[in-house]
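Subject: Structure for your review

Dear colleague,

Please find below the structure that I am handing over to you. A short account of what was found in it comes after.

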Amino acid sequence: MQHLDVTVLEQALAWADEGKSVWLCTVLSTFGSAPRSPGAMLVALRSGAHSGSLSGGCVEEEFLEALGRGEHAAPAQVIRYGGTAQERSRLQLPCGGSLDVLVEHRHPCAQWRDHLRQLLEALRGQHRLTRTLDLESGLFSVKSPVAGADPVVRLGSRLEINLGPALRLLLAGLSPVAQACGQFARALGFEVIACDPREEAAAMPIEGVKLISMLPSMYIANGGCHAATAVVALTHDPKIDDLALMEAVHTPAFYIGAMGSRRTSEKRAQRLQRIGGLSPAQVDRLHMPIGLDIGSRTPAEIALSVMADVLRVYRGKARAAL
């Protein structure tokens, strides 16, 4: 999941708490090229106020116009956008793409508000869950997830939507490279958290990212990493970087990396085993030097190589396959 979907559910809950009926949309499947993947969400009011994205603009406009005409009154229905060549051209969907969208019309009852809170807990990293919904009755519930299940499973009139933590980038200390990484990650839909207790860190703000004045190792030790977390240490300060790495290897984070030359990385690996007590297998989990070798020199170029490598690992693509 993306952090944008956390924002969608937060807005849906805020509107429900204000006593407003909402329309919650979820991408169920895509065909051809589509900007957002299954599970992506958007929430809207009849007025046209909305949060989130389904396609990057074209489908959202079509949906909001339909709301304005009084359509989509059913509790739950599936709508296909771009099902014909004429519609794909009108909606300007790329490469002949189309998508199926679940559209729910929900009133602000206690059950709906409790349901949104459960979904938010999952996306904020507490646990994974499966959301179930019956298209005929509109009834919804949650259940324990099945390992390895697809984001969306359709079983006749029953839908199962699997949710888990939003992708998180943990910046273990701030630097010019970390700033650029944070900006790239925000654009990619990551939740970005920056941890740095140093006074100079306050002078390196990242738009939309809250700085936590704490050693990243302490934040990690207190449960700051889940399976959808990437930890990047980009300061060249062993007190920041090494301690963060030593804690991160004991978490399910899918990516853990540190900046430095090949020689610096070799020395760090030896130091982590000698002082930190890490095993060779734990050291092998670390991406050192961090990032893809694209000849990066500037902070922005290094950050690009780092985020490209993070996505490579998240997508399960081997370096040799690039």
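Predicted model: local features only at pLDDT ≥ 70, side-chain atom pairs only at ≥ 80, totals over all residues.

Residues are numbered from 1 along each chain as its sequence is written, and side-chain values use heavy atoms, with hydrogens and water left out.

Salt bridges

The structure contains 22 salt bridges (a salt bridge being a side-chain nitrogen of Lys or Arg within 4 Å of a carboxyl oxygen of Asp or Glu). One of them joins the side chains of Glu-10 and Arg-124, at 2.9 Å from N to O. Glu-10 belongs to helix H1 (residues 3-17) and Arg-124 to the loop between helix H4 (110-123) and strand S6 (129-134), so this pair ties together parts that are 114 residues apart in sequence. Helices (H or I, at least four residues) and strands (E, at least two) are DSSP runs, numbered from the N terminus. Glu-10 is partly exposed, at 34% relative accessible area, and Arg-124 is partly exposed at 41%. In these terms, buried means under 20% relative accessible area, exposed means over 50%, and partly exposed lies in between (1.4 Å probe, protein chains only).

Asp-309 takes part in two of the salt bridges described here, with Arg-312 and with Arg-319. The side chains of Asp-309 and Arg-312 meet at 2.7 Å, N to O. These two residues are three apart in helix H10 (residues 299-314), and are therefore separated by about one helical turn. An α-helix has 3.6 residues a turn, so residues three or four places apart point the same way. Both Asp-309 and Arg-312 are buried, with Asp-309 at 0% relative accessibility.

In the salt bridge between Asp-309 and Arg-319, the closest N and O atoms are 3.3 Å apart. This pair links distant parts of the chain, with Asp-309 in helix H10 and Arg-319 in the segment after H10, ten residues apart. Arg-319 is partly exposed, at 40% relative accessibility.

Aromatic pairs

How many aromatic pairs does a search of the whole structure find? The search finds two. Rings of Phe, Tyr and Trp (its six-membered ring) pair if their centres lie within 6.5 Å; planes under 30 degrees apart count as stacked, over 60 as edge-to-face and the rest as tilted.

Trp-112 and Phe-140 form an edge-to-face pair, with 5.5 Å from centre to centre and 70 degrees between the planes. Trp-112 is in helix H4 and Phe-140 in strand S7 (residues 140-143), so the pair ties together parts that are 28 residues apart in sequence. Trp-112 is buried at 1% relative accessibility, and Phe-140 is buried at 13%.

Phe-254 and Tyr-314 form a tilted pair, at 5.2 Å centre to centre and 55 degrees between the planes. Phe-254 lies in the loop between helix H7 (238-248) and strand S14 (255-258), and Tyr-314 lies in helix H10, so parts that are 60 residues apart in sequence are tied together. Phe-254 is buried, with a relative accessible area of 19%, whereas Tyr-314 is partly exposed at 33%.

Leu-42

Leu-42 lies in strand S2 (residues 41-44) and is buried, at 0% relative accessibility. Residues that Leu-42 touches include Val-8, Trp-23, His-50, Glu-60 and Phe-63, not counting residues up to four places away in sequence (contact means heavy atoms within 4.5 Å).

Helix H5

The twelve residues of helix H5 (residues 176-187) should span 16 Å at 1.5 Å a residue, and the end C-alpha atoms are 17 Å apart, which agrees. The expected span of a helix is 1.5 Å times one less than its number of residues. Among the buried residues of H5 are Val-177, Gln-179, Cys-181 and Ala-185. The cover over the buried residues of H5 includes strand S10 (168-172), strand S11 (191-195) and H10. After H5 comes Gly-189, with a positive phi near 95 degrees.

Yours sincerely
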